Amino acid sequence: MNIPFLGHRRGKSGDAALPADPEAIAALLSECELLRSQADRAGVRLDDTPASLEALDQLVPRWRDDPETLPWLGNDAGLYLGTVVVRTVPGATWRIRRDGEPVLLLASGREVEVTTPGHQWATTGLPELSQLYAEIAEP
């Protein structure tokens with residue numbers, strides 16, 4: 001997922017600099033409108049908690065029949081995973097890479113890509129979002 005309007009300013013390393021308000025970026029990336037809509041229709045409440053990731057893992061993947069929806073849902077799944085991490089794992093923040101891809105930056109300095117696993121989850125169901133969360137949240 002390339003977010004071009006976030007890439008106008010560059011930091012010292014050449015990476016896109018985050019706007020002055022990281023909370024605004026977190027709010028923007030947490031919208032995940034398509035995923036939230038799909039979950040709502042299935043009766044799953046996405047409350048930005050690890051338990052909601054477990055609930056997503058249990059959904060019947062009806063979206064796999066729609067090749068136009070699949071890429072968007074995959075992005076949303078990855079961004080939602082990142083949203084849960086940013087809101088529940090101390091020190092985790094969003095970083096926008098030079099190519100416009102949002103990634104997680106953990107307090108340890110480790111960088112975690114979430115959109116690729118989000119696409120894999122939307123397409124195959126694996127890896128499970130709750131399992132990815134557990135791996136990312138490990139100290």
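**Reading the model**

Reply: Let us begin at a single residue: just after α5, Gly-125 takes a positive phi of about 90 degrees. Please keep in mind that this is a predicted model.

Me: Which residues have a positive phi although they are not glycines?

Reply: Cys-32 has a positive phi of about 40 degrees and is not a glycine. Asp-48, likewise not a glycine, has a positive phi of about 65 degrees.

Me: Where are Cys-32 and Asp-48 placed?

Reply: Cys-32 is in the loop between α1 (22–29) and α2. Asp-48 belongs to the loop between α2 and α3.

Me: Is Cys-32 buried or exposed, and is Asp-48 buried or exposed?

Reply: The cut-off to apply is that buried means under 20% relative accessible area. Cys-32 has 5% relative accessibility and therefore counts as buried. Asp-48, at 13% relative accessibility, counts as buried as well.

Me: How should I describe the overall make-up of the chain?

Reply: One lists the elements and then their order. The secondary structure of this chain comes to six helices and three strands. Starting at the N terminus, the elements run α-α-α-α-β-β-β-α-α. Of the 139 residues in the chain, buried residues make up 44%. Among contacts with a separation of 6 or more, 58% are accounted for by residues 24 or more positions apart.

Me: How does one find the buried face of a helix?

Reply: An α-helix has 3.6 residues a turn, so residues three or four places apart point the same way. In α1, the buried residues are Ile-25, Ala-26 and Leu-29. Seen down the axis of α1, these buried residues fall within an arc of 100 degrees, so they line one face of the helix. What covers them includes α4, β1 (93–96) and β2 (102–105).

Me: Which residues of α5 are buried, and what do they pack against?

Reply: Helix α5 spans residues 115–124, and its buried residues are Thr-115, Pro-117, Gly-118, Trp-121 and Ala-122. Viewed down the axis of α5, they fall within an arc of 160 degrees, so they too line one face of their helix. They pack against α2 (33–41), α3, α4, β3 (111–113) and α6 (129–137).

Me: What joins Leu-126 and Pro-127?

Reply: Here one reads the omega angle of the peptide bond. Leu-126 and Pro-127 are joined by a cis peptide bond, with omega about 0 degrees. Pro-127 lies in the loop between α5 and α6, and Leu-126 is also placed in the loop between α5 and α6.

Me: Is Leu-126 buried or exposed, and which residues is it in contact with, leaving aside its neighbours within four places in sequence?

Reply: Leu-126 is exposed, with a relative accessible area of 55%. When neighbours within four places in sequence are left aside, Leu-126 is in contact with Gln-120 and Trp-121. Position in sequence and position in space should be read separately. Leu-126 and Asp-57 are 69 residues apart in sequence, and their C-alpha atoms are 9.0 Å apart in space.

Me: How do I describe the way two helices pack?

Reply: One reads the angle, the distance between axes, the handedness of the crossing and the residues in contact. Helix α3 (residues 50–57) and helix α4 (residues 70–88) pack at an angle of about 160 degrees, and their axes are 9 Å apart. That angle makes α3 roughly antiparallel to α4. The crossing of α3 past α4 is left-handed. From α3, the contact uses Pro-50, Ser-52, Leu-53 and Leu-56, while α4 contributes Tyr-80, Leu-81, Val-84 and Thr-88. By class, this contact of α3 with α4 has six nonpolar, two polar and no charged residues.

Me: At what angle do α4 and α6 pack, and what is the class of the residues in their contact?

Reply: The angle between α4 and α6 is about 40 degrees, with their axes 10 Å apart. That makes α4 oblique to α6. Helix α4 passes α6 in a right-handed crossing. The contact is formed by Ala-77, Leu-81, Val-84, Val-85 and Thr-88 of α4 together with Leu-129, Leu-132, Tyr-133 and Ile-136 of α6. By class, the contact of α4 with α6 has eight nonpolar, one polar and no charged residues.

Definitions and conventions: Residues numbered from 1 in each chain as written. Predicted model: local features only at pLDDT ≥ 70, side-chain atom pairs only at ≥ 80, totals over all residues. Heavy atoms only, no water. Axes fitted to C-alpha atoms, helices over the stretch in contact; angles between N-to-C directions. Helix = DSSP H or I, 4+ residues; strand = E, 2+ residues; numbered from the N terminus. Parallel < 35°, antiparallel > 145°, perpendicular 65-115°, else oblique. Left-handed = near helix turned anticlockwise from the far one by under 90°. Contact = heavy atoms within 4.5 Å. Nonpolar A, V, L, I, M, F, W, Y, C, P; charged D, E, K, R; others polar. Buried < 20%, exposed > 50% of the residue type's maximum accessible area, 1.4 Å probe, protein only. Arc of directions from axis to C-beta.
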